[in-house]
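Subject: Structure handover, aromatic contacts

Hello,

Please find the structure below. My notes on its aromatic rings follow.

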Amino acid sequence: MMANYKTIVLKRGKESSLLRYHPWIFSGAILRADEGIEEGEFVRVVTEKGDFIAVGHAQVGSITVRVLSFEDIEIDHSFWCERLQSALEMRKAIGLADNGSNNTYRLVHGEGDNLPGLVVDCYGRTAVMQAHSVGMHVCRHDICKALVEVMGDRIQNVYYKSETTLPYKADLGQENGFLVGGSEENIAIENGLKFRVDWLRGQKTGFFVDQRENRQLLEQYSRGRSVLNMFCYTGGFSVYAMRGGAELVHSVDSSAKAIELTNQNVALNFPDDTRHEAICEDAFKFLDSNENQYDLIILDPPAFAKHRGALHNALKGYTRLNLHGFKSIKSGGILFTFSCSQVVTKDQFRNAVFTAAAQAGRRVRILHQLHQPADHPINIYHPEGEYLKGLVLYVE
């Protein structure tokens with residue numbers, strides 16, 4: 001059935017990226033639009049000749065439409081169920097959903113799951129839903145209804161957390177809160193380790209699910225080593241290092257709340273273990289005063305660049321941070337270093353790290369090149385979805 005929505009008409013030739021299934025339509029591609037289209041409304045996109053191209057959410061900004069379907073359909077309950085079911089089937093196929101030793105995973109990863117603007121993370125019986133577009137915010141109750149239907153008894157609670165992810169100018173009056181249920185239980189299990197997830201006040205949906213495999217790799221390198229976990233947030237890498245047999249673990253973050261969460265998570269898994277110490281201090285200040293102290297360092301900072309205008313300063317920031325890391329690591333040490341800035345490419349990040357190694361005068365070899373895990377899939381038609389870059393380096 002043809003979608004009965006207001007229409008946006010593209011300029012001649014501007015449909016080429018959409019014919020390759022790219023899910024974004026930029027403002028410069030639009031010839032004209034029906035009057036009265038509101039942000040978050042469903043729209044139908046056609047060529048200058050009137051040929052159907054896509055159905056999606058209208059929004060204000062350089063991305064004017066986020067495409068939901070390249071078929072001329074109504075976006076209804078069956079649509080949401082079908083997309084969520086597809087996302088669940090993939091997580092089952094890769095062994096994450098219905099896994100007794102791991103109940104923490106990303107169920108929906110925006111464009112990677114053909115649901116641009118939507119993120120859903122599962123922590124045990126609670127799904128945390130986050131909208132990154134006004135359209136997904138408007139549809140939150142419909143999505144929640146479909147989510148409960150598709151997930152069945154896997155979840156009992158749906159928490160909506162979008163106060164900080166939606167455009168502030170949209171004036172939506174959004175509030176975080178439970179759409180279904182209302183659990184106080186916030187202990188999630190990742191690879192057999194317990195983590196207290198603060199989905200009420202924490203960053204993102206409460207936990208950085210995307211470092212799961214990289215934390216597991218770190219565990220393999222931790223035995224007998226002195227470990228420094230910079231920008232520790234909830235202490236994920238620290239807890240894995242301790243299970244891996246680290247001699248000592250220092251967790252550093254400038255946020256007192258993060259330090260509190262880290263201490264709670266260490267205590268959940270290793271009560272009264274004296275190997276761990278959490279320190280509330282600025283990263284650069286700490287690294288300045290602790291040179292050549294550690295033989296395993298994790299540098300996992302928040303995004304240095306959230307838009308292209310910040311790229312130059314971000315690359316300088318990554319070089320500066322990694323230079324401090326190279327100065328602080330013992331000979332024969334291993335450095336895990338990351339960028340989660342989407343606008344920073346793999347090559348740009350690697351060049352920043354290489355520059356830092358040269359400035360530090362260290363001999364460095366790449367052991368692993370890291371990226372986001374399979375439950376954060378990259379839509380093959382949307383390469384911009386590749387955001388997490390990491391290197392594991394052996395430093396002489």
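How many aromatic pairs does the structure hold? There are 12, where rings of Phe, Tyr and Trp (its six-membered ring) pair if their centres lie within 6.5 Å, and planes under 30 degrees apart count as stacked, over 60 as edge-to-face and the rest as tilted.

This is a predicted model, in which local features need pLDDT of at least 70 and side-chain atom pairs count only at pLDDT 80 or more, while totals for chains, interfaces and linings use all residues. Residues are numbered from 1 along each chain as its sequence is written, and side-chain values use heavy atoms, with hydrogens and water left out.

One of the pairs is Y21 with F70, edge-to-face at 5.2 Å centre to centre and 80° between the planes. Y21 is in the loop between helix 1 (16–19) and strand 2 (24–26), and F70 is in the loop between strand 6 (63–69) and helix 2 (77–93), so the pair ties together parts 49 residues apart in sequence. Helices (H or I, at least four residues) and strands (E, at least two) are DSSP runs, numbered from the N terminus. Y21, F70 and Y381 form one aromatic cluster.

Y21 is partly exposed at 40% relative accessibility, and F70 is partly exposed at 27% (buried is under 20% relative accessible area, exposed over 50%, partly exposed in between; 1.4 Å probe, protein chains only). F79 and W80 are both buried. Their ring centres are 5.2 Å apart with the planes at 75°, so this pair is edge-to-face.

Two arginines sit over rings (CZ of Arg, or NZ of Lys, within 6 Å of the ring centre and within 35 degrees of the ring normal): R275 over F270 at 5.8 Å from the ring centre, and R320 over F284 at 3.8 Å.

Regards
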